[in-house]
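Me: I have a model open here and would like to go through parts of it with you. Can we start with the sheet?

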Amino acid sequence: MAERIRVVVVGACGSMGRETVKAVCQAGDLELVGAVNRSHAGQDIGQVAGPGPLGILVSPDLEGTLEAAKPQVMVDFTEPEGIMSRIQTAILHGVRPVVGTTGISQAEVEDLRALCRKYRLGAVVAPNFAIGALLMMRFAAEAARFFMDAEIIEMHHPRKLDSPSGTAIKTAEMIQASRARSGSGQSVLHRSGAVEKLQGARGGEMGGIHIHSVRLPGLVAHQEVLFGNPSETLTIRHDSLSRESFMPGVLLAIRKVMELSDLVYGLESLVFGAHS
Ligand code: NAD
């Protein structure tokens, strides 16, 4: 039988971390070897996450866990603060990062890419692991060739720290790239003279695309991309109804990162192929 891929989960006691622990434990080709979290120290991660006792105790010490557990892959679902140092620590220990934590800037991704190249180590940084969300972004990029204007409404649970979401930013980037490739423009006429009476009412703006962030109890992760042309609109919507929706993408990234020797940003090329 082939060796199982050794995985450590950072942020293991959070919503995404617990779901990842369960998914890794259920996957026959993966082995959970460590759980890092700044709370729940000393507790059995199997009991915290649900599958029952695993004999793996939660530690707040990332470096110590990497040295003791010798994982091949580190999955991180924590928070933006200190994320760069956690990823760098993994790479310097020869551990391949799979990062779902959002709020990492494009410049930071490029710094990480340089580090991965230096150590010839694979990494995946993905603002959204849900396959349906990847399709939503892909369809939005396609629609951008035919519609003059677009706005994005992203909706999340109120504990989400960063706004707008990484997915909304990536969607706006893909719409801009699609417009640049196809030479399609956007209308500016309706913007002349517009007045924002309440600051922020029009949301944030990236290259002419307005992004609105909603935070409400009851929500998980949802996004609408609205396109408008004279006399017609098109709405593309994706809903993650539970955190389970992210797990097929997380497991795919853990398996694929073992074959990479560079950083991959976004899951698209791993799901749809290199020329997606
Ligand atoms: P959460 O608050 O439920 O969990 C975060 C966990 O990380 C907590 O248990 C916290 O104690 C722990 N933590 C924070 N900083 C830490 C540190 N420095 N060291 C060790 N542990 C630390 O949050 P969540 O809903 O699980 O989301 C986590 C991240 O994943 C967020 O950035 C969120 O935006 C992102 N996210 C990404 C995707 C995706 O598909 N890429 C999907 C959902 C959420």
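Me: Which residue stands opposite Val-36 in strand 3?
Reply: Val-36 has Ser-59 of strand 3 opposite, where strands are DSSP runs of E with at least two residues, helices are runs of H or I with at least four, and both are numbered from the N terminus. This is a predicted model, in which local features need pLDDT of at least 70, side-chain atom pairs count only at pLDDT 80 or more, and totals for chains, interfaces and linings use all residues. Residues are numbered from 1 along each chain as its sequence is written, and side-chain values use heavy atoms, with hydrogens and water left out.

Me: How many bridges join strand 2 to strand 3?
Reply: The two strands run parallel and are joined by 2 bridges; DSSP must find at least two bridges between strands for them to pair.

Me: And what about strand 1 with strand 2?
Reply: Strand 1 (residues 5-10) pairs with strand 2 (residues 30-36) in the parallel sense over 6 bridges, with Ile-5 bridged to Leu-30 and Arg-6 opposite Glu-31.

Me: Is strand 2 enclosed or left open, and why?
Reply: Strand 2 is largely enclosed by the rest of the structure, because 6 of its 7 residues are buried, meaning under 20% relative accessible area with a 1.4 Å probe, protein chains only.

Me: Switching topic, where is Thr-171?
Reply: Thr-171 lies in helix 7 (residues 166-182) and counts as buried at 1% relative accessibility.

Me: What does the side chain of Thr-171 make a polar contact with?
Reply: The partner is the side chain of Gln-223, at 2.9 Å; a polar contact is a pair of N or O atoms within 3.5 Å, and within protein one must be able to donate a hydrogen and the other to accept it, while residues adjacent in sequence count only if both atoms are side-chain atoms.

Conventions:
Buried means under 20% relative accessible area, exposed over 50%, partly exposed in between (1.4 Å probe, protein chains only).
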